[in-house]
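Open the model in a viewer and keep the selection tool at hand. The stops below follow one another, each with something to select and something to look for.

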Amino acid sequence: MKLIVLSDTHLKTGEIPGQLKSLLEDCDLIVHAGDFSTLKAYQAFNATGKLKAVYGNDDSLEVKKLLPERLKFEVEGVKIGVIHEGGLSVMDTTAQGYLAKEMEVNVLIFGHLHRPLIERKDVMLVCPGSPTKPRMSSPSVVELIIEKGSIEGRVLTLEGDLCGYIRFQDALKKQKEGEEKHK
């Protein structure tokens, strides 16, 4: 089974961007870890008939009334937990690990950080980043493949707006390369 995991889409309309829409059409299940932002955005994802989701801190009151804060479900023997704010950092995932144990899941999916992470310890921790508003990363989602209780994950980089930090980093790299050519 193929899952596309995403979070922090922050869409104001019901229009899902093209490349993301193609990925969603080609998966069995969509897991959204919150921050759709608007009811129209939530409805667009929900219209696929494949959505499992929680609300995020930036979601409208209408969305918060429709979705839980935490979600737990099972896919082919793998227990999956979903929450929006699982911790404060992708650098120190201690809080997320404890939360996964508290929820009694094999995989904890969380958002809010806008930066992708897949980490395996006692449990698998997954933060998909953001396909539309990345922070210190490129736009991204995570693809999880679950077969007979085994799980593999990978970050998929999407086309779209880079965060300002990445644009700045790329500009510095080009400037340095230009200076080295002129030496």
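Which residue just after α4 takes a positive phi? Select Glu104: its phi is about 60°. Most residues other than glycine have a negative phi, and most peptide bonds are trans.

Before going on, note that this is a predicted model, in which local features need pLDDT of at least 70 and side-chain atom pairs count only at pLDDT 80 or more, while totals for chains, interfaces and linings use all residues. Residues are numbered from 1 along each chain as its sequence is written, and side-chain values use heavy atoms, with hydrogens and water left out.

**Helix α4**

Select residues 94–103, which make up helix α4. Helices (H or I, at least four residues) and strands (E, at least two) are DSSP runs, numbered from the N terminus. Color Gln96, Gly97, Leu99, Ala100 and Met103, the buried residues of α4. Buried means under 20% relative accessible area, exposed over 50%, and partly exposed in between (1.4 Å probe, protein chains only). An α-helix has 3.6 residues a turn, so residues three or four places apart point the same way.

Now turn to the face of α4 away from its buried side, where the exposed residues Tyr98 and Glu102 are found.

What do the buried residues of α4 pack against? Show β4 (70–75), β5 (78–83), β6 (107–110) and β8 (124–128) to see these partners. Contact here means heavy atoms within 4.5 Å.

Two strands pair if DSSP finds at least two bridges between them. Axes are lines fitted to C-alpha atoms, for helices over the stretch in contact, and angles run from 0 to 180 degrees between N-to-C directions.

Zoom in on β4 and β5, an antiparallel pair with six bridges. Within β5, Lys79 is the residue that Glu74 stands opposite.

Follow the chain to the loop between β6 and β7 and select His112. Phi of His112 is near 80°, a positive value in a residue other than glycine. At 21% relative accessibility, His112 counts as partly exposed.

**The sheet with β3 and β10**

Select the other strands next: five of them form an open sheet in the order β3-β2-β1-β9-β10, with mixed pairing. The edge strands, β3 (51–53) and β10 (150–157), each pair on one side only. From one strand to the next, the twist averages 25°. Four bridges join β1 to β9 (residues 140–147), and the two run antiparallel. Val5 is placed opposite Val142 in β9. Show α1 as well: this helix lies across β1, β2, β9 and β10, running at about 145° to β1.

Leaving aside neighbours within four places in sequence, Ser7 is in contact with residues including His84, His112 and Ser130.

Move to His10, in the loop between β1 (2–6) and α1 (18–25). At 15% relative accessibility, His10 counts as buried. Its side chain forms a polar contact of 3.2 Å with that of Ser37 and one of 3.4 Å with that of His114. Beyond neighbours within four places in sequence, the contacts of His10 include Asp35, Asp58 and Lys133.

End at Asp35, in the loop between β2 (29–32) and α2 (39–46). Asp35 counts as buried at 2% relative accessibility, and its phi is near 70°, a positive value in a residue other than glycine.

Technical notes
Polar contact = N/O pair within 3.5 Å; in protein donor to acceptor, adjacent residues only side chain to side chain.
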